[in-house]
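Reader: I have the sequence and the structure open. Can you walk me through them?

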Amino acid sequence: MSPQPRIHPHPAYSIGLNLSLGHSINRRDALRLGLFSTAGMLCSSNLLAESTAPPPEPAPAIPTPPRAAKAKSVIQIFLWGGMSHIDTWDPKPDAGYDYMGDFRTAIPTNVDGIQLGELFPNLAKQADKYALIRSMTHRNNGHETAAYLMQTAHAPGERLAYPSVGAVFAHFKSPGYKGLIPPYVVLTQPQGRFCEEGFLGPKMKPFATGSDPNATRFEVEGIVSRGISDTRQVARRELLRKMDTLGAAMAASPQLAAAEEAKQQAYELILGQGRDVFDLTKEKPDLRDRYGRHTFGQDCLAARRLVEAGVPYIVINYPGGWDTHSNHFPTMRRQCPQLDQGLAMLLQDLQDHGLLDTTIVWCCGEFGRGPKVDWQPPWNGGRNHYGNVFTALVAGGGFQGGHVVGSSDKRAEEVQDRPVYPVDLLGSIYALSGIDPNARLPHPMGSEAHVLPAAAEGAKSGGLLTEIMG
Amino acid sequence: MNIACLISLLAAMAAFNAAAQTDATAEPASSVFENPLPPAPVVPIDRLVAANLVPLGIQPLLCTDAVFVRRVYLDVIGTLPSAQEARNFILDADAANKRRVLIDRLLERDEFADLWALRWGDVLRIKAEFPVNLWPNAAQAYHRWLRSAIAANMPYDQFTRELLTSSGSNFRVGPVNFYRAIQNRKPDGLATAVALTFMGTRTETWPAERLAGMAVFFSQLGYKPTSEWKEEHVFWDPLGTSTTPGNTVPGRAEITPGTPPPRSPAPEAAREPVASHPQFATFPDGQKIELAPDRDPRQVFAEWLTRPNNPWFARNLANRLWAWLVGRGVIHEPDDIRPDNPPSNPALLAYLEQELVASHYDLKHLYRLILNSQTYQFSSVPHFPSPAAAANFASYPLRRLDAEVLIDAINKITGASDLYTSAIPEPFTYIPENQPAIALPDGSITSPFLALFGRSARATGMLNERDNKPVPAQWLHLLNSSSIQRKLEQSAKLKTILDPSHPPATIIEELYLTILSRFPSPAEVQTIEAYGPQKPSKPAPAAKPGQAAKPPAPVGVKRREDWQDIAWALLNSSEFLYLH
């Protein structure tokens with residue numbers, strides 16, 4: 001672990017730093033300081049809980065990157081429903097049948113000391129490229145509330161509906177983004193009401209492609225339409241132009257000019273270069289095979305192409321999800337090999353294209369699953385929601401591979417070492433991407449809202465993932 | 001966007017504009033939209049507006065009947081006129097009276113109450129969940145009260161008093177939800193919402209002591225739960241009883257099973273609170289009063305607010321209604337009334353206020369005054385593109401149809417319907433099929449279309465929460481989504497219109513009346529006749545872009561998909577998408 005801070009002190013931090021800790025820094029500032037210093041773990045605990053000094057109101061946070069960003073794009077693979085950690089990336093071969101169920105062996109990887117569950121032979125060959133956080137925790141077992149936590153790092157049930165991490169990226173990255181494709185893309189279906197734009201408004205909504213990239217033609221909703229040939233597209237665009245009588249009468253209208261500009265951008269996607277990004281037939285068949293000829297594999301390939309096109313934030317919502325209350329082991333046998341194939345190939349392919357250093361890939365569910373198998377009816381060998389401890393995988397964009405952060409206990413039931421909370425994971429992703437976690441988000445009523453919550457809002461922190469941030 | 005991209009875009013737009021102008025053929029396109037004869041002002045509104053326009057050298061023109069029928073339907077009932085309604089109005093020979101008669105008819109339609117409950121629903125923040133958390137049952141009760149008040153043309157002062165002073169259950173007494181649909185329920189938060197809603201002002205622009213003085217009126221409000229899940233009583237609570245833990249509305253022993261209810265509120269806790277000593281509140285005009293211990297201070301405030309000479313009350317409403325109908329407030333933005341944001345035409349605003357007060361707050365009187373004025377009926381073709389012209393209502397401003405109105409119009413044309421759902425699994429949010437979006441009672445009941453096209457989030461009650469600015473994703477949806485394409489392809493209603501046994505001229509006329517609420521011009525008929533395969537009866541693969549421009553083209557037999565393209569083009573025209 002190298003010394004911090006890695007970020008220019010914000011004016012507010014400087015004020016705080018000139019005062020002695022524990023007296024004049026309120027909890028909000030404490031967390032912010034914590035996020036940017038090695039003292040993070042100390043600051044964010046109870047040390048400052050009694051501090052009552054009035055908050056020195058921070059100067060308006062500046063949304064400019066406080067340091068050179070390593071990561072240019074982020075691919076989030078959301079294993080919604082909650083993937084079991086003990087069967088996959090945190091195996092406990094000694095925990096016995098009631099915990100391990102069908103999958104009793106762990107396999108070695110290309111990094112000494114790191115083992116994976118037996119269904120991940122491909123990822124085992126790539127362990128030098130990613131880090132596993134085996135001490136993720138938030139102790140929340142509801143899908144929506146846990147998903148909200150993992151997507152925003154804010155506590156669910158507050159009065160404000162915070163934007164998801166993708167919408168925050170869209171907000172901060174849009175000004176400098178020149179691409180044709182919207183800055184926040186979801187492959188393929190949007191997932192849940194808490195994964196969206198919150199109070200940032202419809203412009204920060206994700207663009208969800210719909211359709212299936214593994215189909216003969218990836219019919220991206222609104223971009224590639226079924227049954228309408230290019231000839232017909234061109235003909236009817238021309239017809240529309242001729243029939244737009246009001247547009248002709250009001251050529252000087254600034255409203256119509258703005259609408260026309262947006263329409264041009266849409267046509268750049270429909271008929272121009274934009275849609276080519278989604279045309280997976282432009283890839284070699286052999287490469288497509290290696291990603292796997294299934295929806296998830298081709299999602300990963302589409303994600304790599306979106307990264308090449310400069311899209312800042314891409315979410316793959318895992319097709320079908322991982323909510324395996326019952327029929328757990330057969331589902332794992334079916335889905336894990338696809339996850340293994342697609343994700344391992346994505347990491348390899350990003351590296352082959354020289355994109356891994358500038359692309360963060362993070363992969364986890366909203367929680368894990370109960371490490372003790374529920375053998376009783378109606379589960380009959382299932383696993384239920386489990387937020388006490390689970391595993392996240394992070395790679396690229398400044399995260400160092402070949403490491404394990406934290407650990408769970410011998411039965412993967414509780415954090416044993418180095419808890420990592422949602423605020424730590426998202427804070428690290430923001431930091432590597434040059435987004436100031438203290439930056440203020442625009443709220444329609446002018447309410448005080450920041451990218452990450454302050455300690456006063458009850459958000460627990462174990463500190464940034466400095467041990468794997470290169 | 002980088003410079004190169006911008007330049008190429010500008011070039012493309014210039015080419016587009018040039019092409020559009022040359023395509024406008026023989027007659028000026030504007031003749032479809034405006035009468036060439038300048039009107040002479042008749043009613044007071046028009047004289048007051050003219051008083052500001054004449055010095056600017058502006059002589060506005062009136063819109064045609066075809067523009068008017070569409071505009072007034074969409075503005076007053078949020079609903080597209082049917083082809084027959086549009087045809088009847090345009091052909092009606094009673095030029096002197098027909099606009100007035102139509103206005104009177106529309107003000108009595110059911111959709112009038114739907115649309116205006118939608119507009120007020122944004123202001124009053126009717127939403128089951130996030131961030132105001134009314135809960136579905138309460139949102140429905142709130143909306144039911146609102147819609148009935150609008151349908152009955154409840155005088156606006158009474159409307160305001162009911163919202164400000166009601167007490168009772170959120171499930172049974174709709175207007176109490178006014179105080180629940182506020183994120184910050186502390187007295188200053190309540191005062192802020194009251195000021196925004198009924199005074200049209202933002203308290204952030206106030207001196208702090210003014211807000212503090214007004215907040216006192218709302219410091220005795222209590223909320224307490226009942227035995228019913230999510231039911232809550234809102235009431236005058238001078239003794240602060242609702243702050244006593246476990247104190248619920250009578251009729252239920254306890255809230256949480258196992259928690260013994262206190263037999264009576266602890267004396268200390270109940271006696272100490274807010275009203276135990278004289279309290280002073282200050283009206284926003286600076287007048288200070290001592291609150292009587294036996295009177296709900298909300299009533300005292302409402303009495304002050306609804307006095308005829310209150311400087312904010314009538315002004316806020318007159319300005320809001322003007323802005324909703326004419327597209328821009330006399331004070332702009334309409335919910336930002338403050339001394340350094342003066343009205344563009346003070347005499348006009350004063351006149352509207354007077355009329356409102358003199359009619360005993362009869363809202364429909366104000367609707368009639370505004371809608372029958374020439375100013376409302378000005379053409380939207382901007383001959384004078386200066387900020388001063390816009391601020392003085394020289395033309396009717398273009399506005400994209402609101403999300404709900406737009407999807408209703410698309411569904412009306414195609415006979416389709418959308419699915420509206422709420423994320424909250426409650427039986428109160430069952431939505432019947434074919435329910436128009438303007439009649440949705442609850443902001444949590446939604447669809448991807450409504451979200452994409454910027455419906456209000458109903459978080460703050462500010463008008464700018466509704467976002468009608470164009471973004472490319474909206475165009476992707478309109479131009480090329482499977483949803484719109486499916487509506488066009490599967491529409492039984494369009495199929496009837498496009499019946500190949502009808503002569504093309506009939507089909508074109510019916511399409512125009514259905515989608516744009518007007519008859520097509522000869523140039524437009526020509527453009528359409530030239531679209532599609534050109535050889536009679538023989539299906540060609542597709543039209544080539546250059547081909548359509550050659551006049552006069554022999555009339556070919558159009559395939560169904562050619563007609564669908566024509567309907568598609570009308571649906572994507574700015575004339576359809578914009579109020580004009």
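**Core, sheets and contacts**

Author: The largest nonpolar core has 282 residues, and those with the most contacts inside it are A:Ala303, A:Ile314, A:Leu393, A:Val394, B:Ile370 and B:Leu570. A nonpolar core here is a set of buried Ala, Val, Leu, Ile, Met, Phe, Trp, Tyr and Cys residues joined through C-beta atoms within 7 Å. Buried means that 20 or more other C-beta atoms lie within 10 Å of the residue's own, exposed means 12 or fewer, and partly exposed is in between, with C-beta atoms placed from the backbone.

Reader: Experimental or predicted, and how is it numbered?

Author: This is a predicted model, where local features need pLDDT of at least 70, side-chain atom pairs count only at pLDDT 80 or more, and totals for chains, interfaces and linings use all residues. Residues are numbered from 1 along each chain as its sequence is written, while chains are lettered from A and ligands numbered from 1 in the order in which they are written.

Reader: What is A:Ala303 in contact with, leaving aside neighbours within four places in sequence?

Author: A:Ile75, A:Leu187, A:Ile314, A:Ile316 and A:Leu346. Contact means that the C-beta atoms of two residues, placed from the backbone, lie within 7 Å.

Reader: Which strands does helix α12 of chain A lie across?

Author: Helix α12(A), residues 295-308, lies across β1, β5 (184-187), β7 (313-317) and β8 of chain A, and runs at about 175° to β7(A). Axes are lines fitted to C-alpha atoms, for helices over the stretch in contact, and angles run from 0 to 180 degrees between N-to-C directions. Helices (H or I, at least four residues) and strands (E, at least two) are DSSP runs, numbered from the N terminus.

Reader: What is the strand order in that sheet of chain A?

Author: β6-β5-β7-β1-β8-β11-β4-β12, an open sheet of 8 strands with mixed pairing. Two strands pair if DSSP finds at least two bridges between them. The edge strands, β6 (207-208) and β12 (403-405) of chain A, each pair on one side only. β1 (73-78) and β8 (359-364) of chain A pair in the parallel sense over 6 bridges, and A:Val74 has A:Ile360 as its bridge partner in β8(A).

Reader: And the 3-stranded sheet in chain B, which strands are at its edges?

Author: The order is β1-β3-β2, open and antiparallel. β1 (168-169) and β2 (221-225) of chain B stand at the edges with a single partner strand each, so one side of each is left without a neighbour in the sheet. β2(B) is joined to β3(B), residues 232-236, by 5 bridges; B:Pro225 is partnered there with B:Glu232.

Reader: Switching topic: how many residues does each chain give to the contact between chains A and B?

Author: Chain A gives 56 residues and chain B gives 63. On the chain A side, α8 (230-243), α9 (245-249) and α10 (254-270) are the elements that give two or more residues, and α10(A) gives the most, with 14. That side has 28 nonpolar, 12 polar and 16 charged residues. For those classes, Ala, Val, Leu, Ile, Met, Phe, Trp, Tyr, Cys and Pro count as nonpolar, Asp, Glu, Lys and Arg as charged, and the others, Gly among them, as polar.

Reader: What about the domains of chain A?

Author: Chain A is divided into domain 1 (24-39 + 59-218 + 279-468) and domain 2 (227-247 + 256-276), with bounds from an automatic or database domain assignment. Their C-alpha centres lie 37 Å apart. The contact takes 4 residues from domain 1 of chain A and 8 residues from domain 2 of chain A.
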